[in-house]
Protein chains: 2
Amino acid sequence: MKAAYQEATAFAPATVANVACGFDVLGFALESPGDEVTVHVTRKPGVQIIAVESDNGLPTSHLPLHPHKNTAGGAILALLEGIQAKFGVEVHIRKRMPAGSGMGSSAASAAAAVVAVNALLEEPLALEQLVDFGMKGEAIASGSEHADNVAPAIIGGIVLIRGYHPIDLVRIDPPNNLYCTIIRPHCAISTKAARELLPKQIPLQTAITQWGNLAGLIAGLIRGDDGLIARSLHDVIVEPYRAALIPGFYALKEAALNAGALGCSISGSGPSLFALSTSENIARAVGTAMYAVCADMHIDSTVYVSRLAHGGSRVLSVH
Amino acid sequence: MKAAYQEATAFAPATVANVACGFDVLGFALESPGDEVTVHVTRKPGVQIIAVESDNGLPTSHLPLHPHKNTAGGAILALLEGIQAKFGVEVHIRKRMPAGSGMGSSAASAAAAVVAVNALLEEPLALEQLVDFGMKGEAIASGSEHADNVAPAIIGGIVLIRGYHPIDLVRIDPPNNLYCTIIRPHCAISTKAARELLPKQIPLQTAITQWGNLAGLIAGLIRGDDGLIARSLHDVIVEPYRAALIPGFYALKEAALNAGALGCSISGSGPSLFALSTSENIARAVGTAMYAVCADMHIDSTVYVSRLAHGGSRVLSVH
């Protein structure tokens with residue numbers, strides 16, 4: 001396929017994966033923060049990553065520029081191959097959240113990258129069709145193909161990945177009153193390391209508890225039933241293992257619940273925590289309470305508050 | 001509490017528990033068949049089971065008359081104690097399905113029993129409040145307290161048991177086009193034995209597949225999305241073990257799917273199979289196809305076809 005435009009810029013939001021009881025199958029998009037990716041068409045085929053800017057606008061040396069080792073690069077390579085592109089691209093990535101934070105940073109870059117390249121095309125694909133390519137990019141960071149960040153980062157809303165063979169996405173409109181607080185303690189956890197921590201076998205009884213909660217959460221989210229959401233937001237499988245990687249996890253969670261959150265757990269593989277609340281005011285109070293807990297532990301942290309987003313990635317400019 | 005009436009009769013329907021991917025947390029009610037229980041007030045406290053009639057109207061020697069060993073008796077004893085009853089009851093049970101069939105037979109008797117006794121009361125409890133007592137009766141048959149049959153048998157519809165501590169019921173209205181076919185091969189499986197067959201530990205990856213499907217099924221049922229229901233109706237955890245107890249299980253399932261069912265799996269702990277279809281005609285064709293498979297194996301069987309019921313137990317008469 002040919003390019004119809006020379007340059008495009010796209011935005012993709014941070015996302016919360018797992019959502020307590022939905023390990024590996026559930027994620028949702030925030031309105032902000034998010035990464036931006038600009039792509040320029042080149043005659044030379046393939047992908048060249050020109051720059052990765054961090055939060056503060058400065059170049060970052062943390063993320064690799066080699067396209068096969070960079071989530072945005074890998075996602076674009078998969079897309080260009082999938083559409084048999086007759087062109088290559090140069091890529092500028094502007095990160096608005098750090099890698100390894102549990103906020104879907106690598107998924108956001110991969111999502112913005114494929115959405116930007118898609119915007120160049122004579123016949124762009126539908127957003128849902130881009131998820132597969134985004135996954136291939138994100139696999140570079142996480143070590144395995146997962147869609148629970150990249151799918152909501154692209155199509156927005158709350159996304160259940162019912163299954164992977166073939167990928168089956170169930171999009172749920174977020175209740176309009178739901179706000180998410182994220183606290184990111186300033187330390188990083190490797191997604192791979194966080195996965196290796198998990199047991200290969202789990203007790204059947206614990207699994208039953210988990211899927212009862214997930215089923216309740218899905219029903220609660222579809223119906224906008226805050227009480228059911230609150231009763232369902234428990235993770236009895238992954239949290240007990242990964243909490244140990246996060247300093248003060250249980251104190252942070254308790255502070256969030258005491259401040260009025262419906263529930264609180266690890267965002268993705270951490271170290272960030274997310275909490276859901278029924279208003280922006282409560283979500284801000286939850287953030288303040290968690291920030292104070294981090295401050296007491298002398299741990300720097302950043303708090304984000306965002307409504308759950310209906311939309312995912314969007315094209316900011318194309319010409 | 002005192003009785004306001006002398007006699008009451010209640011009906012409770014057959015139910016399908018587990019529903020493929022919803023092991024121990026999901027069940028739904030049929031419109032028929034169902035058990036009927038009549039209760040008479042006695043001055044003597046406690047419960048006397050006078051008779052248990054089977055399908056054909058004849059007394060059955062299979063089910064125990066001792067109230068502590070009978071699911072209806074146990075459920076009534078729990079209810080009478082819970083409401084501090086000033087009276088006892090004599091009980092007549094009319095079974096319309098066999099015990100050990102996987103159709104929620106013991107739950108139906110327990111449900112009809114507590115609904116009948118409740119109808120006698122000066123201040124009857126709400127149907128939801130009766131589930132706890134019904135569970136205590138059903139535990140006599142199954143060896144542990146479960147609500148995935150008795151809750152839909154009492155309150156009707158599709159019921160998710162989100163959790164047990166305390167019991168948290170999420171009722172879902174069944175899509176109006178959904179019909180259930182049940183085939184009951186004429187052999188019995190002990191619920192206790194079927195439970196003991198299951199592994200105590202399961203692979204995390206398999207659990208993830210299962211809860212993805214359950215989450216998809218819940219979303220599909222709430223939305224009436226037939227395609228999503230069909231894609232979600234898979235049990236990768238329990239069915240592989242219990243299928244071995246049911247002669248010709250995979251041939252029966254294949255016949256159901258070939259005849260147009262959305263999905264097919266074991267009803268409760270078997271040996272009955274259930275299949276869901278999008279019309280009564282398809283559900284009947286599914287029944288015919290499965291019956292033929294049993295006939296080929298020289299196994300007698302009974303086929304039931306029913307719409308998924310909005311209602312559960314109901315009082316037939318009280319005076």
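Author: Let us begin with pairing: two strands pair if DSSP finds at least two bridges between them, where strands (E, at least two residues) and helices (H or I, at least four) are DSSP runs numbered from the N terminus. This is a predicted model, in which local features need pLDDT of at least 70, side-chain atom pairs count only at pLDDT 80 or more, and totals for chains, interfaces and linings use all residues. Residues are numbered from 1 along each chain as its sequence is written, and chains are lettered from A in the order in which they are written.

Reader: What makes β8(A) and β8(B) a pair?

Author: The requirement is at least two bridges, and β8 (residues 201–203) of chain A and β8(B) have 3 bridges in the antiparallel sense, so they pair. Within this pairing, Q201(A) stands opposite P203(B).

Reader: How do you know which residues of chain B are in contact with chain A?

Author: Two residues are in contact if their C-beta atoms, placed from the backbone, lie within 7 Å, and 33 residues of chain B meet this test with 33 residues of chain A. The largest share of that side of chain B, 14 residues, comes from α6(B).

Reader: Why is β7(A) called largely enclosed?

Author: A residue is buried if 20 or more other C-beta atoms lie within 10 Å of its own, exposed if 12 or fewer, and partly exposed in between. In β7 (residues 179–185) of chain A, 7 of the 7 residues are buried, so the strand is largely enclosed by the rest of the structure.
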